[in-house]
Amino acid sequence: MTAVESYVERPPLPGLAGVVRTVWIQRTGEAPYVQRHLPTGGVEIHFPIGGRAQLVGPLTGPEIEVIPAHTAIVGVRFHPGTAPPLPTVLDDLVDLRLGLVELWGSSGEGLVEAMARAGTPERALALLQIHLLREFRRAVRVDPLVGEAVKALMPWHQVNIDTLATHLALSASQLRRRCLHAVGVSPKVLQRTLRFQGFLALAQAGVVSTGRRGADGMAGLAVDVGYADQAHLSRECLRLTGLTPHQLLGGDIDRCACGHEHSASYKPFLATRSRPRLQV
């Protein structure tokens with residue numbers, strides 16, 4: 001086990017690309033590591049090798065976790081509106097952690113045992129992805145209208161929620177209910193979360209702002225992603241992460257303060273930036 005904390009993201013297996021945003025392996029070193037989890041709009045699986053595998057429900061604010069020393073964790077981050085098999089709707093799981101064995105029963109027990117015997121985190125991650133691939137092929141159904149709503153709520157083109165509901169031939173209350181069940185949060189909360197994820201994606205990618213309204217640097221990225229100005233970004237960042245943008249990014253707009261590299265997570269997110277505005 002390395003003595004230095006590390007975190008490596010990678011794309012999921014091709015068969016999971018439509019439902020999984022990224023997978024990762026994290027290793028802690030000689031000391032415990034304080035991890036700040038942020039809202040992403042989706043659920044996550046956190047699987048410490050030899051420990052208690054958990055599903056992390058949709059987050060609405062920061063969650064601080066102290067990961068013990070000499071721990072290896074494999075993880076899966078799902079796109080909003082997609083999730084592995086669950087016995088309940090996602091609005092029952094907001095800001096909660098639940099054991100996968102409790103959720104999946106004997107299937108979860110068998111997976112935990114197989115991953116514990118895998119020998120390396122890389123093999124354990126492969127087993128987890130193969131298990132998920134089988135489950136999505138066998139049983140999981142994704143709400144197609146919620147999927148369309150998620151695409152429309154990506155940050156690059158701001159959409160009015162009522163107008164979006166009309167475009168999907170739903171009432172505003174129907175859209176809200178279906179989002180709560182399939183995503184865990186309302187369309188408006190999801191839109192705000194995705195907008196902030198868009199800012200992080202631009203920052204991590206080292207994207208140069210367009211300079212609209214005479215803004216540059218962090219202020220320019222804030223405007224590009226849909227915030228009114230840098231002050232608006234700062235308020236949302238504090239609400240979603242508990243930190244200011246400078247604290248979160250360590251004063252640099254091209255990396256996070258923890259030094260992790262997140263390109264595998266943000267590349268598919270950035271790919272939606274070039275899509276034309278949804279005509280609603």
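Colleagues, I begin with Ala169, which sits in the loop between α5 (161-167) and α6 (172-182). Helices here are DSSP runs of H or I of at least four residues, strands are runs of E of at least two, and both are numbered from the N terminus. The model is predicted, so local features require a pLDDT of at least 70 and side-chain atom pairs count only at pLDDT 80 or more, while totals for chains, interfaces and linings use all residues. Residues are numbered from 1 along each chain as its sequence is written, and side-chain values use heavy atoms, with hydrogens and water left out.

Most residues other than glycine have a negative phi. Ala169, although not a glycine, has a positive phi of about 60°. Ala169 is exposed, at 69% relative accessible area; exposed means over 50%, buried under 20%, and partly exposed in between, with a 1.4 Å probe and protein chains only. Asp95 likewise is not a glycine, and its phi is positive, about 60°. Asp95 belongs to the loop between β7 (72-78) and β8 (97-99) and is partly exposed, at 36% relative accessibility.

Let us turn to a charged residue. Setting aside residues up to four places away in sequence, Glu236 touches Arg192, Arg195 and Tyr227, where contact means heavy atoms within 4.5 Å.

Next, helix α4 (residues 144-152), whose buried residues are Val146, Ala149, Val150 and Ala152. Viewed down the axis of α4, these fall within an arc of 160°, so they line one face of the helix; the arc is taken from the directions from the helix axis to the C-beta atoms. They pack against α5, α6 and α7 (187-204).

Finally, the largest nonpolar core has 40 residues, of which Leu164, Leu175, Phe196, Phe199 and Leu200 touch the most other members. Helix α7 gives the most to this core, with eight residues. Such a core is a set of buried Ala, Val, Leu, Ile, Met, Phe, Trp, Tyr and Cys residues joined through side-chain atoms within 4.5 Å.
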